[in-house]
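Here is a walk through one chain, from a single side chain out to the overall form. Keep the coordinates open while reading.

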Amino acid sequence: MKFDYKKRKIQMEYREKLQQKKKNKKFILEAIVVAIIIFLFIVLNSIFKAF
């Protein structure tokens, strides 16, 4: 019984770590997209003000 409990506990911890990694990647991707949108807004705004 103890072996099964330890095995399940290890599996649960592993799954949690994988989920955290996925969330971190998603957060980084969202931050990059937002930064690109802001950068493009500033650049395009300065270009069209020149005309």
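This is a predicted model: local features need pLDDT of at least 70, side-chain atom pairs count only at pLDDT 80 or more; totals for chains, interfaces and linings use all residues.

Valine 43 is partly exposed, because its relative accessible area is 28%. The classes are: buried under 20% relative accessible area, exposed over 50%, partly exposed in between (1.4 Å probe, protein chains only). Valine 43 sits in helix H1.

Residues are numbered from 1 along each chain as its sequence is written, and side-chain values use heavy atoms, with hydrogens and water left out.

Leucine 40 also belongs to helix H1, which covers residues 2-50. Leucine 40 counts as partly exposed because its relative accessibility is 44%. A nonpolar surface patch includes Leu40, along with Phe27, Ile28, Ile32, Ile36, Phe39, Leu44, Ile47 and Phe48. Together they have about 930 Å² of accessible area. Patch members have over 30% relative accessible area and no salt bridge; nonpolar side chains (Val, Leu, Ile, Met, Phe, Trp, Tyr) are joined within 5 Å, like charges within 9 Å. A salt bridge puts a side-chain nitrogen of Lys or Arg within 4 Å of a carboxyl oxygen of Asp or Glu.

Now the whole chain. The C-alpha atoms fill a box of roughly 75 × 5 × 5 Å along the principal axes. How many of the 51 residues count as buried, in percent? The figure is 0%. The accessible surface comes to about 5700 Å², and carbon and sulfur atoms hold 68% of it. Areas use the Shrake-Rupley method with a 1.4 Å probe.

Definitions and conventions: Helices (H or I, at least four residues) and strands (E, at least two) are DSSP runs, numbered from the N terminus.
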